[in-house]
Amino acid sequence: VQLQASGGGLVQTGGSLRVSCAASGRTASRTDIGWFRQAPGKERAFVAAITWGGRTTYYADSVKGRFTISRDNAKNTVYLQMNSLKPEDTAVYYCAAVTGWGSQIKSFGSWGQGTQVTVSS
């Protein structure tokens with residue numbers, strides 16, 4: 001599966017933004033997908049994940065209640081709707097195929113290019 005994130009930008013604190021992850025490859029619609037982010041000087045961290053059928057989601061505590069992950073398998077696209085954004089959400093956001101679930105979620109395969117999200121205070 002090849003994944004490409006897009007849709008980042010600059011938004012004010014409290015604002016909203018939706019980023020997209022376009023998936024390609026014959027197994028794209030049958031792959032669990034996760035969003036991760038990497039802030040300057042920090043390690044890449046898990047944000048949210050969704051199962052291939054779209055029925056089950058999982059979020060990091062830091063974004064629970066503010067972010068929503070969804071997918072449209074007809075378009076081979078996974079979305080991350082981000083509301084009530086905070087300056088600490090500023091990071092490069094990446095999507096990746098994932099394995100495991102809950103605290104055991106891990107990415108696998110290539111990362112692809114991320115998309116920059118900047119939240120101004």
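Predicted model: local features only at pLDDT ≥ 70, side-chain atom pairs only at ≥ 80, totals over all residues.
This report describes a sheet, the nonpolar cores, a few loop residues and the salt bridges of one structure.

Four strands form an open sheet in the order 1-3-8-7, and their pairing is antiparallel. At its edges lie strand 1, which covers residues 2-6, and strand 7, which covers 67-72, each of them pairing on one side only. On average, neighbouring strands of this sheet are turned by 20 degrees against each other when direction is ignored. In general, the strands of a sheet pair through backbone hydrogen bonds, in either a parallel or an antiparallel manner. Here strand 1 pairs with strand 3, residues 17-24, in the antiparallel sense over five bridges, and within this part of the sheet A5 has C21 of strand 3 as its bridge partner.

**The nonpolar cores**

The largest nonpolar core holds 28 residues, and the members that touch the most others are W35, V47, F67, I69, L80, M82 and Y93. Two or more residues of this core come from each of several elements, including strand 1, strand 3, strand 4 (33-38), strand 5 (45-50), strand 8 (77-82) and strand 9 (91-99). Strand 3 gives the most, with four residues. Apart from this core lies another one of five residues, among them A49, A96, V98 and I105.

**Buried residues in the loops**

The loop between strand 3 and strand 4 contains A28 and also T31. A28 counts as buried because its relative accessibility is 3%, which falls under the 20% limit. Residues up to four places away in sequence aside, A28 touches V1, A23, R71 and N76, while T31, with neighbours within four places likewise left out, is in contact with V1, W52, R71 and A97. T31 is buried as well, with a relative accessible area of 8%. Between A28 and P87 there are 59 residues of separation in sequence and 32 Å in space, taken from C-alpha to C-alpha.

With a relative accessible area of 19%, T90 is buried, and beyond its neighbours within four places in sequence it is in contact with A39, Q116, V117, T118 and V119.

**The salt bridges**

The model has three salt bridges, which are set out here with the distance between nitrogen and oxygen.

| Salt bridge | N to O distance |
|---|---|
| R37 and D89 | 2.9 Å |
| D61 and K64 | 3.0 Å |
| R66 and D89 | 2.8 Å |

How are R37, R66 and D89 joined? Salt bridges with shared partners bring R37, R66 and D89 into one network. R37 is buried, R66 is buried at a relative accessible area of 10%, and D89 is buried at 1%. D61, by contrast, counts as exposed, with a relative accessibility of 65%.

How values were computed
Residues numbered from 1 in each chain as written. Heavy atoms only, no water. Pairing = 2+ DSSP bridges. Axes fitted to C-alpha atoms, helices over the stretch in contact; angles between N-to-C directions. Core = buried A, V, L, I, M, F, W, Y, C linked by side-chain atoms within 4.5 Å. Buried < 20%, exposed > 50% of the residue type's maximum accessible area, 1.4 Å probe, protein only. Contact = heavy atoms within 4.5 Å. Salt bridge = Lys/Arg side-chain N within 4 Å of Asp/Glu carboxyl O.
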